[in-house]
Amino acid sequence: MEYLEVNGGKILKGEVLISGSKNAAFPVLSACLLIEGKCHIKNIPNILDVKKFLFQLKKIGVNVLEGEHEVEIDASSSFKPEIPPEETENIRGTQTLLGAFIARHMKASIAGLGGCNIGKRPIDQHIKGLESLGVEISWDKGILKAHSPKGLKGNKIFLDMPSVGATENIILASVFAEGETIIENAAREPEIKDLINFLNLAGANIEVNGTGSTIVVHGVKKLKPVEYSIIPDRIEAATYLILAGLTKGKIKIKNTLPYHLEAVIMKLKEIGLDVSVNENEITASYKGRLLPTSVKTLPYPGFPTDVQSQILTLLTLANGSSVVTETVFENRFRIVDDLLKMGANIRVEGISAFITGVKELKPSVVTAKDLRGGMSLLLATLSAKGTSKVLEPVHIDRGYESYIEKIKGLGGDVERKNS
């Protein structure tokens, strides 16, 4: 079994170059399947989930040429719009293939939608939107079967909740639909805008109206190959800013877009960190003590659920009582038991965690059960003086590029070992 051995308690200082966005990579790579020709996508993160996703594309007949942080996707040849059950384990990115398959082939067959076990991930909004476009959906032994026998026709769709995945799938499916598709109460995350920017560059006709919650897709006949660089990973950026507070250090993150992180920056300032912004850089510094606060996860531009575990970990060291409320995924508190082993004082009631800060966390053996929670436990062990182990680091590998090297660059002591 692989594990991370961490000698914590060191003050971490330095700079971290933020990688390309995991959550932007999947929809953009899926959108390449709508294009006959070679698309060159840059700033691709070198992480396990993206590697598996690209491997899947190769298996269904897409020509994929991988480089260093870049990939060439050529979907000129016919490919099979099918992802069997054995291929989808632990990869959430397969969801955006649904809209892409339907747009290109008018049919799709995709098994369970993978990802971390952090709670229910209903796809009712995906199905509602696609059916509005003329897609017929059925289930066969847990496999979603979709086809559009009469072609795709634009429609007005109101999402009951601003689901990121549903918004992405409806956009992808409607690019070639006849007429106009209007998505109301659409998700507003930066990764949605990145997908729209890519598609428009390729010849799509997509507008974002008002505050961004209304998206209008005017159907086109064809898209052209393009070169595109995806946005930096805002969740990785937030993670390293929080690490500065946990290790009483000073960390500058480079190659980021600060306006994607406004909710996180405001909370870190409330907690007492000194946070400064300069164009595409953000610096977070520990100022002597951490203050308690309340955090509630919400769809963008609210506080991101993908940063909840990290900030909860930070608040275990705050001077007072804090509350963290999770409104998106009900299993985001899976790290609490491990944090309790490290001496944290946390009580979970329903969708809220009540945290009373302690002076310090203690070294322990903890287990990464999901991507963000696993990384948060690594942050906790970096804070704790002494030697800790983080088991099952493969979950962290899924979404954080070169994190061991980046932490070492800050002065951290982390080694990957085998028992």
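Reply: Helices (DSSP runs of H or I, at least four residues) and strands (DSSP runs of E, at least two) are numbered from the N terminus. The model is predicted: local features need pLDDT of at least 70 and side-chain atom pairs count only at pLDDT 80 or more, while totals for chains, interfaces and linings use all residues. Residues are numbered from 1 along each chain as its sequence is written, and side-chain values use heavy atoms, with hydrogens and water left out.

The open sheet consists of four strands in the order β22-β23-β1-β24, with mixed pairing; two strands pair if DSSP finds at least two bridges between them. Strands β22 (365-367) and β24 (414-418) stand at the edges with a single partner strand each, so one side of each lacks a neighbour in the sheet. On average, neighbouring strands of this sheet are turned by 25 degrees against each other, direction ignored. Strand β1 (residues 2-8) pairs with β24 in the antiparallel sense over five bridges; within this pairing, E5 has E415 of β24 as its bridge partner.

Helix α11 (residues 371-383) lies across β1, β22, β23 (386-391) and β24, and runs at about 35 degrees to β1. Such angles run from 0 to 180 degrees between N-to-C directions, the axes being lines fitted to C-alpha atoms, for helices over the stretch in contact. Contact means heavy atoms within 4.5 Å.

S376 lies in helix α11. This residue counts as buried because its relative accessibility is 0%, where buried means under 20% relative accessible area, exposed over 50% and partly exposed in between (1.4 Å probe, protein chains only). Residues up to four places away in sequence aside, S376 touches S309, Q310, T313 and I335.
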